[in-house]
Amino acid sequence: MNLDLFDSHNHPIRLDMIDADVVYYPAFFDQKKSDEFSKILTTSINWRQDNITVFGKSHPQPRLTALYANNNNSYSYSNITMTPNPFTKELVFIKEKVESACSVQFTSCLLNLYRDGKDSNGWHADNEKELGKNPVIASISFGEDRWFHFKHKTNKNLKRKIVLQHGSLLIMKGKTQDCWLHQVPKTKKTIGPRINITFRVIQ
């Protein structure tokens, strides 16, 4: 796999959102590179499916997940605690390219595999204590395009949605996690899988 291909001509789009700082690169990686990463990560990542408890009932999480890092710091959310795997060479390459856009040195990444339109991620904010105050969250997408929804925590009239494309990068920073929730909703359309990698600093 040639790790030298990178779309350096991609330009960022800043989303017009109050109480947030969100930047979107629609083609952070080019088509060829994105196709290669999508194929490799699907088979090389140590995917798992945890059970989550909602209203006292336990059921399988509607997606597969994995945690990778350059340290041993665990990550907990929704009563699930994950212990990291060591970064693969592909994840290191992606991480370094993302860091060049964010000016942040990330320690960890949480990966999600949405197998089809039935897989989803409900309303939440990436505001766990391990992430610290005003964390920078950098989200890379490979595979099928999926809608990504925002809604303000206190102003119900403030909503935003964007399609996260194959090879795109979404950076959320500032007060975004304090003031907004986000989700990847289910869809009834027949679609293929999508891999999402969210880079973060886990303290």
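Throughout these legends, a residue is called buried under 20% relative accessible area, exposed over 50% and partly exposed in between, computed with a 1.4 Å probe on protein chains only. The structure is a predicted model, in which local features need pLDDT of at least 70 and side-chain atom pairs count only at pLDDT 80 or more, while totals for chains, interfaces and linings use all residues. Residues are numbered from 1 along each chain as its sequence is written, and side-chain values use heavy atoms, with hydrogens and water left out.

**View 1. Confidence along the chain.** The average pLDDT, the predictor's confidence in each residue on a scale from 0 to 100, is 93 for the chain, and 95% of the residues score at least 70. Over residues 1–8 the pLDDT falls below 50, although this stretch has 22 contacts in the model beyond near neighbours in sequence, a contact being heavy atoms within 4.5 Å. Where pLDDT is low, the predicted coordinates should not be read in detail.

**View 2. The largest nonpolar core and Ile197.** A nonpolar core is a set of buried Ala, Val, Leu, Ile, Met, Phe, Trp, Tyr and Cys residues joined through side-chain atoms within 4.5 Å; the largest has 30 residues, and those with the most contacts inside it are Ile94, Val98, Ile140 and Ile197. Among the elements that each supply at least two residues of this core are α1 (31–44), β11 (137–143) and β16 (194–200), and the largest share, five residues, comes from α2; helices (H or I, at least four residues) and strands (E, at least two) are DSSP runs numbered from the N terminus. Leaving aside neighbours within four places in sequence, Ile197 is in contact with residues including Leu41, Ile94, Cys109, Ile140 and Phe142. Apart from this core lies another, of 24 residues, among them Ile162, Met172, Cys179 and Trp180.

View 3. With a disulfide taken as a pair of cysteine sulfur atoms within 2.5 Å, a search of the whole structure finds zero. The nearest cysteine sulfur to that of Cys109 belongs to Cys102 and is 13 Å away, and Cys109 counts as buried because its relative accessibility is 0%. For Cys179 the nearest cysteine sulfur, again that of Cys102, is 20 Å away; Cys179 is buried, with a relative accessible area of 14%.

**View 4. The open four-stranded sheet.** The strand order is β10-β15-β12-β13, with antiparallel pairing, where two strands pair if DSSP finds at least two bridges between them. β10 (121–124) and β13 (159–164) are the edge strands, each pairing on one side only. Strand β12 (residues 146–152) pairs with β13 over six bridges in the antiparallel sense, and the bridge partner of Phe150 in β13 is Arg160.
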